[in-house]
Amino acid sequence: MTAGHIQEFACFTDYDKELVCHWKVHAQTNCSKEFLLCYSKETTSVSNMCVPENEKDSLRCTCTIYPDYFVSGLTYILALQFNGTDMWNYNVTPALVVKPRAPKNLAIEKAENGNFNLSWEESYSPPSLLSGQPVIYEVKYWRKQHPTEISVKAINYQTKSFEITASSLKRGYDYVASLRCNYTDYPAYWSEWSEEVEFHCDYQMKAEDILQMAVPTSCILIMAGSAICYFCFTK
């Protein structure tokens, strides 16, 4: 095996507890026997070792490093060994490869107006470096029976809730919602999507909804009728 066989080497961190590096390998590769990842802080010569493991699909090796601390200027020097031979060198600055943990405790409740209030909590709390940092979200929801028809809404302001309007949903269907986040000062990666919540839409149209639909429809009919009358008159 040569260095050319190491593909898609990349690292990311939750910027709180772990730094994860992974790379693509051939099928049947035994990561823990064939590879070793050595790492050290840029400011010290002390080297540590991480023994990689095979991911579930066996096509990637993954090494999880647990740093003592995270700071914005910290850089790691990595050396990947294959069967005892150095074959890949890589520098990684955790602050530049932040992949935050997904929001947690996602919940949904039906409001008195018939809409659905989605709420969640951040996965970081003090003294984590990401706790209290500016964060944006994306909400996605879809009919459970039609998982490819997804609505995605961007939330570019500080909040921990989002209202899904019932009038935008189809009555009588079960829906599924999920959420992900991105910290704007560390924008390299979005988090994974959170755990899903399910809810049922039994929305009943109110008088004002019917009126909102009826007014523009009536205007269109009046305009069409006027045009027909004008056409008949000119004939």
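**From a loop lysine to a sheet and a cavity**

K99 lies in the loop between β8 (85–92) and β9 (104–110). Strands here are DSSP runs (E, at least two residues), numbered from the N terminus. The model is predicted: local features need pLDDT of at least 70, side-chain atom pairs count only at pLDDT 80 or more, and totals for chains, interfaces and linings use all residues. Residues are numbered from 1 along each chain as its sequence is written, and side-chain values use heavy atoms, with hydrogens and water left out.

Is K99 buried or exposed? K99 is buried, at a relative accessible area of 19%. Buried means under 20% relative accessible area, exposed over 50%, and partly exposed in between (1.4 Å probe, protein chains only). Beyond its neighbours within four places in sequence, K99 is in contact with F12, T13, D14, Y189, W190, S191 and E192. Contact means heavy atoms within 4.5 Å.

Take T13 next. T13 is found in strand β1. T13 is buried, with a relative accessible area of 0%. Not counting residues up to four places away in sequence, T13 touches E18, L19, F70, P94, V97, V98 and K99. A polar atom of the T13 side chain lies 2.6 Å from the backbone oxygen of E18.

Now the sheet. An open sheet is formed by 4 strands in the order β1-β2-β6-β5, with antiparallel pairing. Two strands pair if DSSP finds at least two bridges between them. β1 (7–13) and β5 (53–54) each have a single partner strand, so they stand at the edges, and one side of each is left without a neighbour in the sheet. Strand β2 (residues 19–24) runs antiparallel to strand β6 (residues 60–65), and 6 bridges join them. W23 stands opposite C61 in β6.

The whole structure holds 1 cavity of 30 Å³ or more. A cavity is a set of points, on a 1 Å grid over the protein atoms alone, where a 1.4 Å probe fits but cannot get out; lining residues have an atom within 4 Å of a point. Points are joined across faces, edges and corners, and volume is the space filled by probe spheres set on them. The largest cavity has about 30 Å³ of space. Its lining consists of R101, A102, P103, E122, S123, Y124, V135, Y137, C181 and Y183. β11 (135–143) and β14 (174–183) are the elements that give two or more residues to this lining. By class, the lining has 7 nonpolar, 1 polar and 2 charged residues. Ala, Val, Leu, Ile, Met, Phe, Trp, Tyr, Cys and Pro count as nonpolar, Asp, Glu, Lys and Arg as charged, and the others, Gly among them, as polar.

Notes: 1 Å grid on protein atoms, 1.4 Å probe; cavity = no way out; pocket = protein on both sides within 12 Å on 5 of 7 lines; lining within 4 Å. Polar contact = N/O pair within 3.5 Å; in protein donor to acceptor, adjacent residues only side chain to side chain.
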